[in-house]
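The sequence and the structure should be kept in view while reading.

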Amino acid sequence: MSQDLPPLSLYVHIPWCVKKCPYCDFNSHTTNELPEKSYLEQLKKDLLADLLFVQDRPLKSIFFGGGTPSLMSPGFFEEFLNFVRQHIEITVNTEITLEANPGTTEASKFFGYREAGINRLSLGVQSFQTLQLEKLGRIHSGNDALKAVEQAKQAGFDNFNLDLMHGLPDQTLEMALADLQQALDLNPPHLSWYQLTIEQNTEFFRHPPVLPEDDALWDIQLAGAELLKRHNRHQYEVSAFSLPGREAQHNLNYWRFGDYLGIGAGAHGKVSTFNSEDKSKCIQTSLSVIRYRKTRMPKNYLAASYNLQPHASFRIGEEMIESEDLPFEFLMNALRLSKGVEESVFQARTGLAMSVLEPTLSKLRHHGLLKENGLCPTEKGHLFLNDVLAQFTDT
C-alpha cells in the first residue's frame, strides 16, 4: 500500500442567498444584512481547526460554493486566500473556483475576483428562458445571464463553467435544446448539464411542478448529449461536459476519492490518515478515512468558539468509514467518471486489496457493465449506474 495520502482540496461554503430557490436543498439562507466581516473571521478560525489534516500537502483546488458566494465582495476572497497561503501551499496550478449567480454580479466585481486570485468561475445560469427562470424562482433574466458571461470574459476569465438544467416544468425537447445551444454559443470550456430533480425539504417537494414525462426526459438526454458531442464537449462524468483538458479539477478530486477540507456553515469534509501499529515491533500501517461536518445554521456558526483544540466547536460530527463500507463509498464516486479510475487508485485511496470487490467485479464485467481493465463502466453500465452500484452494497 502506498504511503502517499490522496490529493487535497478545500471547499468553502457561503450560506446566504438573495432568495431561496424552490428546487434547492442546499444549506442556503436569506438575510437582511450580510455579516461579511464576522463570517470571514470565523472561516479563518475554522480553517485553523482543520490544519492537522493537511500533512504538508498543497491544495489541488479551492471551491467557494453556496448559497451565493458572489454576494461577497472581492476583498472578502482576497483576504481569505491570503490567509490560506500563510498555512497551506497554493501552487500556480491550484484551481480556485467561485460560484456566481447572474443578478448578484457586476463588471467591477468580476475584475475584483480575478485580482483576488479566483481563476475559474461557475455561473448558475440554469436556463436562458426568462419564463423558465421565473418558474425556477431565479432572480435573473436570460439577458442577465448573457451579460454575466460577457463580463466574466472581459475580466479575463477564460476558464468558466455554465450550470444548466433540463427537464424543467413544461419544458419541451425544442426548449431544452435551445437552452443548450445558447450555452454552447457562448463557448464555455465546461458545462454542467443536469436534470432537475425534486428533493425533500424543498418548495417543489411540497408543491410539485408539472415536469416532462420519462420518455420526453430520455429524448432530451439523448439529443442533448449528441449536441454536446458535436461541439467537442466530451462527457467525462454523469452530468459534466468539457473541452479536452478543461475538466473541473475540484470535482475530479471528489470523484477520484481525494481528500477535501470543508469549512463554513454546513460544510462537509473527507480526509485520510495513516495509523501506525506496533505488532511484535513490526510496524504496520493502516489507512483511516474520516468524514466530518460543520455546524449548519449560520447564526450558530457565527457564534462558535475556537480554542486551538483538534475538535473545535465548528465541527458537530465525524465518522470513520468502516472498511466494509469503503468499496461502495469509493465506487459511488469513481464510477460516475466515464473513464473510471485505475485499480491502483482504489488500493491507494481505500487501503484495500482489489480482491474485496470479488466476485461482484467479475460478474459485472461478464455482463458487460464494467470494462475489463480498471474500474470503469461500459456505455451500458453508465446507463444503469445505480443498478451497478447496488451490486456492491453487500460486497
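Does N201 count as buried or exposed? The model under discussion is a predicted one, and in it N201 has a relative accessibility of 67%. Because exposed stands for values over 50%, N201 counts as exposed. This residue lies in the loop between strand 8 (190-195) and helix 7 (203-206). Its backbone deserves attention as well: phi of N201 is near 65°, a positive value in a residue other than glycine.

Although Q55 is not a glycine, its phi is positive, at about 55°. The residue is found in the loop between helix 1 (36-50) and strand 4. With a relative accessible area of 39%, Q55 is partly exposed.

The backbone also contains cis peptide bonds. One of them runs from G66 to G67, with omega near 15°; G67 lies in the loop between strand 4 (59-66) and helix 2. Another runs from E358 to P359, where omega is near 5°. P359 has its place in the loop between helix 12 (343-350) and helix 13 (360-366).

In soluble globular proteins, nonpolar side chains tend to be buried together. In this model the largest nonpolar core has 62 residues, and the members that touch the most others are L10, F64, I118 and L261. Helix 2 (residues 74-87) contributes the most to this core, with six residues.

The surroundings of L10 can be followed in detail. Apart from neighbours within four places in sequence, L10 is in contact with L47, L59, S61, I62, F63, F80, V84, H250, L261 and I263. Among these partners is L261, which, like L10, is one of the core members with the most contacts to other members.

Aromatic rings form the next topic. A pair of such rings is described by the distance of the centres and the angle of the planes. The model has 15 aromatic pairs. In one of them, the rings of Y301 and F314 have centres 5.1 Å apart and planes at 50°, so this pair is tilted. Y301 belongs to helix 10 (residues 298-303), while F314 lies in the loop between helix 10 and strand 14 (315-320); the pair therefore ties together parts that are 13 residues apart in sequence. Y301 is buried, with a relative accessible area of 0%, and F314 counts as buried at 1% relative accessibility.

What arrangement do the rings of F330 and F346 adopt? Their centres are 5.2 Å apart and their planes stand at 85°, so the pair is edge-to-face. F330 is in helix 11 (residues 326-334) and F346 in helix 12, and the pair links these distant parts of the chain, 16 residues apart. Both F330 and F346 are buried.

Aromatic residues also gather in a group: one cluster is formed by F64, F76, F77, F80, F110 and Y113.

Finally, arginine residues are placed over aromatic rings. R114 lies over the face of F157, at 5.2 Å from the ring centre. R315 lies over the face of Y292, at 5.1 Å from the ring centre.

Note on methods. Residues are numbered from 1 along each chain as its sequence is written. This is a predicted model: local features need pLDDT of at least 70, side-chain atom pairs count only at pLDDT 80 or more; totals for chains, interfaces and linings use all residues. Side-chain values use heavy atoms; hydrogens and water are left out. A nonpolar core is a set of buried Ala, Val, Leu, Ile, Met, Phe, Trp, Tyr and Cys residues joined through side-chain atoms within 4.5 Å. Buried means under 20% relative accessible area, exposed over 50%, partly exposed in between (1.4 Å probe, protein chains only). Helices (H or I, at least four residues) and strands (E, at least two) are DSSP runs, numbered from the N terminus. Contact means heavy atoms within 4.5 Å. Rings of Phe, Tyr and Trp (its six-membered ring) pair if their centres lie within 6.5 Å; planes under 30 degrees apart count as stacked, over 60 as edge-to-face and the rest as tilted. A charge sits over a ring if NZ of Lys or CZ of Arg is within 6 Å of the ring centre and within 35 degrees of the ring normal.
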